[in-house]
Amino acid sequence: MRKKAGFRYVMDVIPLNANLVKGSHGSVNTSSEFHPVLITDTELNKNSIQATEVYELIWKSLHSKKN
């Protein structure tokens, strides 16, 4: 009724209890076949990279396209 009348109200949609969150969010012990894939025209000197290295690769790619 509040919504139809245009009143503001609090919706309890996302639980604050972390035990209710399901899925692979933040899972670190997964097989490499389930790891994400990075497709780039930048040549990499290794088969896998750390997630923290992706930012730098994207930044370098954007910077090189600009010049």
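A helix here is a DSSP run of H or I with at least four residues, and helices are numbered from the N terminus. I keep that in mind, since I am reading a predicted model.

**Entry: overall layout.** I looked up the secondary structure of the chain. I found two helices and zero strands. Helix H1 covers 2-5 and helix H2 covers 54-66, with a loop between them.

**Entry: cover.** I asked what share of the 67 residues counts as buried. The answer is 3%.

**Entry: Ile-14.** I went to the loop between helix H1 and helix H2, where Ile-14 lies. Is Ile-14 buried or exposed? Ile-14 has 68% relative accessibility. It counts as exposed because the cut-off for that word is over 50%.

**Entry: a nonpolar patch.** I checked which residues join Ile-14 on the surface. Tyr-9, Met-11 and Val-13 form a nonpolar patch with Ile-14. Together the four have about 450 Å² of accessible area.

**Entry: salt bridge.** How many salt bridges does the count come to? I noted one. In it, the side chains of Glu-53 and Lys-46 meet, at 3.0 Å from N to O. I looked up the cover of both partners. Glu-53 has a relative accessible area of 27%, and Lys-46 has 43%. Buried means under 20% and exposed means over 50%, so Glu-53 is partly exposed. Lys-46 is partly exposed by that rule too.

How values were computed: Residues are numbered from 1 along each chain as its sequence is written. This is a predicted model: local features need pLDDT of at least 70, side-chain atom pairs count only at pLDDT 80 or more; totals for chains, interfaces and linings use all residues. Side-chain values use heavy atoms; hydrogens and water are left out. Patches are made of residues with over 30% relative accessible area and no salt bridge: like charges are joined within 9 Å, nonpolar side chains (Val, Leu, Ile, Met, Phe, Trp, Tyr) within 5 Å. Accessible areas come from the Shrake-Rupley method with a 1.4 Å probe; for residues, only the protein chains shown count as cover. Buried means under 20% relative accessible area, exposed over 50%, partly exposed in between (1.4 Å probe, protein chains only).
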